[in-house]
Amino acid sequence: MASRKKPKSRVEPRFDDAPKRKRSAGLTATEDDRAAPPRRKKPAAKRKASGARKPKKKTARSRRARLGLTGLIGGLVYWSFIMAIWGGVAVAGVVAWYGAQMPSATTWEIPDRPPNVKIVAVNGSLVANRGATGGEALGIHQMSPYIPQAVVAIEDRRFYSHFGVDPIGLARAMVANVMAGRLVQGGSTLTQQLAKNMFLSPDRTVGRKVQEVLLAVWLESKYTKNQILEMYLNRVYFGSGAYGVEAASRRYFSKSARDVTLPEAALLAGLLKAPSRLSPARNPHLAEERAQIVLAAMREQGIVTDSEMTAALTRPATRAAAYWTGSENYVADAVMEELPELIGEIRQDVIVDTTVDLVLQKFGENAIRNLIAKEGESRNVGQGALVSIDNTGAVRAMVGGYDYANSQFDRSTEAKRQPGSAFKPFVYVTALEQGMTPDSVRNDAPVKIGKWSPENYGGKYLGPVTLETALSKSLNSVAAQLIMEVGAGNVVKTAARMGIHSKLEPNASLALGTSEVTLMELTSAYVPFANGGYRADPYVIRRVTTLDGKVLYEHTADNMSRAISPGVAGMMNRMMSKTVTEGTARAARFDHPAAGKTGTSQKSRDAWFVGYTANLTTGVWFGNDDGSPTNKVTGGSLPAQAWKAFMVEAHEGVPVARLPGYRRNTVTPAARPAAPREDVPMSQNVFPPKPDRTPTASTGAPRPKVGVGQNDGGGRTVLDILLGR
């Protein structure tokens, strides 16, 4: 039997009995047998130098810090993005909400600019602009180029690059306002400002601002940049009641916006920040400081050169008048009062051609102002007025007061005063019509009519005198006798027939001018004496047209009716010419045949002189607005002097003409060369001035044209020719 092998016993590995340095043969594991290579120990010197820090812990902490910072930044970006989305949604919601409250964009249109009334003189020169804007609209190509340049430079330098809203400008304004802690800058573009001015209220609300932005974007999509700028410049407020650059230029510089210089344009642009506070009419120094800021902005943007800026900065600050100045504004006011009666409601820009000659207007203004400035204080007189009318009723000059800037009340058309003896010619006309003549005699002596006892000025009486003498010397007793003879009611009818519209009391004292009248109606009632007997209702407006030339109204002179006979006119001219040569109006005498009548109310409250030549009838009044007495100012003093000063200038170069029906040669005028006048259609009833007037040495004002109302030979006036006499 085969022998079995003895099974081998299992040997378990042991590690405890292995030698420390060298293991016996068998299953053993060393550091080299590990999965990771053994970590080599640093030398002792390096371990000492590195200290006792634990590298593993430091690496983990740094990793965690880096991960935390990255997470924070990522979170900020994420939430910022989320907030931006929700912010955009909120803004879109606000825009949609307020946009839904606006009319459909298809119905949006530019509102009409308030209509302007351009009032021009007989030669086409501007008298004034009236209306809500105070100036006509100009195309941007018509304005001085400095104006749009200055406005863009200071108000919206990125105007030509943005889409109606300027995010950069808006952000800059927000930063400036936050830094200042108050509102110091506005982020609105010119387009936004235009939208606000045309469509919206001035309320500062979120809704209004949103609507402003929407309208600005719409404007930019519909109009060009120059069109937007043009609309803006013609509508924006420049202070002192001036809307638009033309009105502002006329207001502050007395010139058109076409002629504005660089420093003037800078001043206008500077006003837009605070029109009322910076107005040169209110504070010229602040206005000038702001203008310098505008100039600096223009230089910074390369719009002007250093030399141009230096020249502009040398311009001194000037104060504009606190209100429109110049007596021509009385004419403009009268036009605006009458215009609706002629054409109805003013719905579009119109041009009003007037009968006024601005040169004669300036002569009249100087005549009043010079005398009051010279003698007003000593004679206790503070106001004066003057009206000059030609033989057809056309008002050639109308001065309503001493200074329009201080008082806009028109004393020539609105103030009713007692005319005194200046009313007597109507009594004498009535007497002549009842058969008397200039040679009729009445006894100048004290009279008593009921309880009324009129006295002559100075208490002197001349006894038997002719009517010619009685009128020239303004004898009260004779006038009182005449009105009792002819009847006060008949005198009232005569005065009304000749042009007096005011209510007259038909009593004996009417002979001495106790019923009140205006200077305009009294002067116009004297025109029949100058034109041979025809009533000439005064008028200032001769034509009204639209900008495209459509005639809305035109005055005609075919409504002139005979007021007195040529014979009566001739006799009155004979008597009243003696008033100028020998009577109470000797201070008015000059080298043209003239006639007229003085008037002084009780206690010298009102002093009048109404006189005429064959060309012009002019009335002058002096007094005080409160009706206080003057210091013995009579019609033969200041009024006669002012009348002469005006008429001498007005007749410079005008051929001498006799008064209608008057043949007595009481004046020998100096020989003058007869200069031909311009040919003018008679239908105009006015005589345009010569374009080449030159200033006079005495007043500095231009000369009137040669041939104002001149005769055409044979002693006939232009009215004689017009009416075929």
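The questions and answers below go through a predicted model of one protein chain.

Me: How many helices and strands does the chain have?
Reply: The model is predicted, and the chain has 725 residues, of which 49% count as buried. Its secondary structure comes to 22 helices and 12 strands.

Me: Among contacts between residues at least 6 apart in sequence, what share joins residues at least 24 apart?
Reply: The count takes in contacts in the chain between residues at least 6 apart in sequence. Of these, the share that joins residues at least 24 apart is 70%.

Me: At what angle do the axes of α14 and α21 cross?
Reply: Two packed helices are described by the angle between their axes and the distance between the axes. Helix α14 covers residues 358–379 and helix α21 covers residues 638–650. Their crossing is right-handed. The axes come within 9 Å, and the angle is roughly 145°.

Me: How many residues of the contact of α14 with α21 are nonpolar?
Reply: From α14 the contact includes Leu360, Phe363 and Ile368, and from α21 it includes Leu638, Ala645 and Phe646. Besides the nonpolar residues, the contact has 2 polar and 2 charged ones. The nonpolar residues number 10.

Me: In the pairing of β11 with β12, what is the bridge partner of Asp606?
Reply: Strand β11 spans residues 606–612 and strand β12 spans residues 616–623. The two pair in the antiparallel sense over 7 bridges. In β12, the partner of Asp606 is Gly623.

Me: How many residues apart in sequence are the parts tied together by Arg574 and Asp439?
Reply: Arg574 forms a salt bridge with Asp439, with the closest N and O atoms 2.7 Å apart. Arg574 lies in helix α20 (residues 566–581), whereas Asp439 lies in the loop between α15 (424–433) and β6 (441–444). The pair therefore ties together parts whose separation in sequence is 135 residues.

Me: Which residue of β7 is the bridge partner of Asp444?
Reply: Strand β6 has a covered face, Arg442 and Asp444, and an uncovered one, Val441 and Asn443. In a regular strand the side chains alternate between the two faces of the sheet. Strands β6 and β7 (residues 463–466) pair in the antiparallel sense over 4 bridges. The partner of Asp444 in β7 is Gly463.

Me: How many residues of helix α5 are buried?
Reply: Helix α5 covers residues 190–199 and is mostly covered. Its buried residues include Leu190, Leu194, Ala195 and Met198.

Me: Which residues does Asp403 touch, not counting residues up to four places away in sequence?
Reply: Asp403 lies in the loop between β5 and α15, and at 16% relative accessibility Asp403 counts as buried. Asp403 and Gln383 are 20 residues apart in sequence and 8.6 Å apart in space, C-alpha to C-alpha. The residues that Asp403 touches are Tyr330 and Arg369.

Definitions and conventions: Residues numbered from 1 in each chain as written. Predicted model: local features only at pLDDT ≥ 70, side-chain atom pairs only at ≥ 80, totals over all residues. Heavy atoms only, no water. Axes fitted to C-alpha atoms, helices over the stretch in contact; angles between N-to-C directions. Left-handed = near helix turned anticlockwise from the far one by under 90°. Contact = heavy atoms within 4.5 Å. Nonpolar A, V, L, I, M, F, W, Y, C, P; charged D, E, K, R; others polar. Pairing = 2+ DSSP bridges. Salt bridge = Lys/Arg side-chain N within 4 Å of Asp/Glu carboxyl O. Buried < 20%, exposed > 50% of the residue type's maximum accessible area, 1.4 Å probe, protein only.
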